[in-house]
Amino acid sequence: MIDVVDEFIYLASKICNYKEDHEIKTRINLANILYFSLLLSELKCKEVHRVTKIKLKTMIRPVLYYGRESWTLNTYGENAINFFERKILRRILD
């Protein structure tokens, strides 16, 4: 017998019928944790070149976009992801 549920976790992504904003917030929080762990070690170092810092951003992007195939992005989701990426770039380029 197959149970009908409103939400379930599949490959560390929460799949639900009604609300995807929660999953987007979770992915942004996880990417933020990774960003700050890199910030403390590599991104704040003045000896590391800016181009290298931008390449380190590619380590954050897979964490942010994991499971996006199941998302239906609305305006909130797009704005939240764009805001997070701009925040990272601003801090790298400072």
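1. A nonpolar patch on the surface is formed by Val 5, Phe 8, Tyr 10, Leu 11 and Tyr 66. Together, these residues have about 520 Å² of accessible area. The structure under discussion is a predicted model.

2. Val 5 is placed in the segment before β1, the strand of residues 7–10. The relative accessible area of Val 5 is 44%, so this residue is partly exposed; the class applies because the value falls between the limits of 20% and 50%.

3. The interior may be considered next. In soluble globular proteins, nonpolar side chains tend to be buried together. In this model, the largest nonpolar core has 14 residues. Ile 28, Ile 60, Leu 64, Phe 84 and Ile 88 are those with the most contacts inside this core. Two or more residues are given to the core by each of the elements α1 (21–43) and α4. The largest share, six residues, comes from α1.

4. Which residues does Ile 88 touch, not counting residues up to four places away in sequence? They are Tyr 35, Lys 57 and Ile 60. Ile 60 is also among the residues with the most contacts inside the core.

5. Ile 24 is located in helix α1. Is Ile 24 buried or exposed? Ile 24 counts as buried because its relative accessibility is 1%, and buried means under 20%. Leaving aside neighbours within four places in sequence, Ile 24 is in contact with Trp 71, Leu 73, Gly 77 and Ile 81. Between Ile 24 and Trp 71 there are 8.4 Å in space, C-alpha to C-alpha, although the two are 47 residues apart in sequence.

6. Glu 85 belongs to helix α4, which covers residues 75–93. With a relative accessible area of 16%, Glu 85 is buried. The side chain of Glu 85 makes a polar contact of 3.3 Å with the side chain of Arg 61. Not counting residues up to four places away in sequence, Glu 85 touches Arg 61, Leu 64 and Tyr 65. Of these, Leu 64 is one of the residues with the most contacts inside the largest nonpolar core.

7. Ile 54 counts as partly exposed, at 33% relative accessibility. Leaving aside neighbours within four places in sequence, Ile 54 is in contact with Ile 92 and Leu 93. Ile 54 and Leu 93 lie 39 residues apart in sequence, and their C-alpha atoms are 8.5 Å apart in space.

Definitions and conventions. Residues are numbered from 1 along each chain as its sequence is written. This is a predicted model: local features need pLDDT of at least 70, side-chain atom pairs count only at pLDDT 80 or more; totals for chains, interfaces and linings use all residues. Side-chain values use heavy atoms; hydrogens and water are left out. Helices (H or I, at least four residues) and strands (E, at least two) are DSSP runs, numbered from the N terminus. Buried means under 20% relative accessible area, exposed over 50%, partly exposed in between (1.4 Å probe, protein chains only). A polar contact is a pair of N or O atoms within 3.5 Å; within protein, one must be able to donate a hydrogen and the other to accept it, and residues adjacent in sequence count only if both atoms are side-chain atoms. Contact means heavy atoms within 4.5 Å. A nonpolar core is a set of buried Ala, Val, Leu, Ile, Met, Phe, Trp, Tyr and Cys residues joined through side-chain atoms within 4.5 Å. Patches are made of residues with over 30% relative accessible area and no salt bridge: like charges are joined within 9 Å, nonpolar side chains (Val, Leu, Ile, Met, Phe, Trp, Tyr) within 5 Å. Accessible areas come from the Shrake-Rupley method with a 1.4 Å probe; for residues, only the protein chains shown count as cover. A salt bridge is a side-chain nitrogen of Lys or Arg within 4 Å of a carboxyl oxygen of Asp or Glu.
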